[in-house]
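Visitor: I'm new to this one. Can you show me the structure and take a few quick questions?
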Amino acid sequence: MEGQKRAAEERQPLDRQLEERREQQKARWAVQKQQEAERPPPAEGQQAHVATAPLPASTAVQAVPNPWRQQPREGRGGYLAVPQSARAAGGTAQVLDLGYTRIDVPEDDLRRRPCRTSCLFMWCPCCLGDPCGERHLRDLRAASSSFIFVVTVVDVVVFLVEVGVAAAAGALRGLLAPAPCVLEELGGVFAPAIVHRWETWRLFTAVVLHGGLFHLVMNMYVQFLVGMRCEARWGSKVTAAVYGVSGLAGTLASASGNPAAVGVGASGAIVGLVAAQFAELMGQWATFEPGYRQRQVGQTLFFLFMLFTFGVSDDHVDNFAHAGGLVAGFLFGLSRWLDPALSAIPVPCTSIAQARTGVAVICALLLISLAVLLFLVVPVPEAPAGYGRC
């Protein structure tokens, strides 16, 4: 009893620190809500006007119309995104408000417009107003240098190579579906070749291979929508890291769970992106408003439900790859965004660095465990003579 009492007394300062950080976040949140509530509603037929804002002489104001709505509809005007630096002291500058609402956003948000516009273009081109407008075409050209766009192009080009090789060998089936021998030859996950012949490069090349046209279209559609959203929020480097770690975990799990089968596809990496999004939500729970949290939880649960439904209804779905990418993506996301004071997940420490380092170690141990499972535990048969040849 004395030990428990002493531990509770030692824990009290840490609990107070966490509670103070939560209250500070709630106070910032309440201020933002109050500012939004005090903003006057737009008047019917209101004309564009010029707003004056303090601005340092060295800062350039970039007035960018909101890409989500190009034309005013139902009496509502457009929006104007202005960097928050326009609120800084010193100097003045006139900013043309193109609609009824002025939005002060971080400078990074202005650089996310190409990813957001391209994502909306894939989802619903009509929502852009004129999808071929000069501003939208400029955004799409800028998005062409993003990581997700480049990976998608690589996937499509590799699939065309698959079809060409399969057609030349007479091994093309169904709806442009190469035979397994073609996928083996081009680098699909094949445990006997990885373990007994040390062709470990297959763990990476399998991510850009696909088993047919339907497989490619479904994966690329989800990859573009989810990946562009992630890249607009995290940047190219973080998105590439999540994609790579989740893809590697997916191929390791696939080879360990199906040692006699050929595995291909980017679905493990895509599921990892979704899991990392959910990890960011859970790790920074208190920073998001309730409506956003409900939407994200609902969308994630629906995605997992569809993933489970396809997994149990189709024997060709690689559930091991999905599970590996899911766990690795979630752990990687927590290792970057976990905050004990804001998280919805109970954390036994208050230090952000310690919590994130601990999760990063668990993520690394997951990859090591999958590799040990594949090379030392799972009974992998010998590669047959002439494997990979049709």
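Guide: A term to begin with: buried means under 20% relative accessible area, and exposed means over 50%, with partly exposed in between. The model here is predicted.

Visitor: OK. Is Y243 buried or exposed?
Guide: Y243 has a relative accessible area of 7%, so Y243 is buried.

Visitor: And how many aromatic pairs does a search of the whole structure find?
Guide: The search finds five aromatic pairs. In one of them, the ring centres of F147 and Y243 are 5.6 Å apart and the planes are at 80°, so this pair is edge-to-face.

Visitor: Where do F147 and Y243 lie?
Guide: F147 is in helix α5 (residues 147-168) and Y243 is in helix α10 (residues 236-257), so the pair ties together parts 96 residues apart in sequence. F147 is partly exposed, at a relative accessible area of 22%.

Visitor: What about the rings of W234 and W337?
Guide: Their centres are 4.7 Å apart with the planes at 40°, so that pair is tilted. W234 belongs to helix α9 (residues 213-234) and W337 to helix α13 (residues 319-337). W234 counts as buried at 12% relative accessibility, and W337 counts as buried at 11%.

Visitor: New topic. What is the volume of the largest cavity?
Guide: About 110 Å³. The search finds one cavity of 30 Å³ or more.

Visitor: Which residues are closest to its centre?
Guide: Of the 17 lining residues, the closest to the centre are G250, T251, V264, G265 and A321.

Visitor: Which helix gives the most to the lining?
Guide: α10 does, with five residues. The lining as a whole divides into seven nonpolar, nine polar and one charged.

How values were computed: Residues numbered from 1 in each chain as written. Predicted model: local features only at pLDDT ≥ 70, side-chain atom pairs only at ≥ 80, totals over all residues. Heavy atoms only, no water. Phe/Tyr/Trp six-rings, centres within 6.5 Å; stacked < 30°, edge-to-face > 60°. Helix = DSSP H or I, 4+ residues; strand = E, 2+ residues; numbered from the N terminus. Buried < 20%, exposed > 50% of the residue type's maximum accessible area, 1.4 Å probe, protein only. 1 Å grid on protein atoms, 1.4 Å probe; cavity = no way out; pocket = protein on both sides within 12 Å on 5 of 7 lines; lining within 4 Å. Points joined across faces, edges and corners; volume = space filled by probe spheres on them. Nonpolar A, V, L, I, M, F, W, Y, C, P; charged D, E, K, R; others polar.
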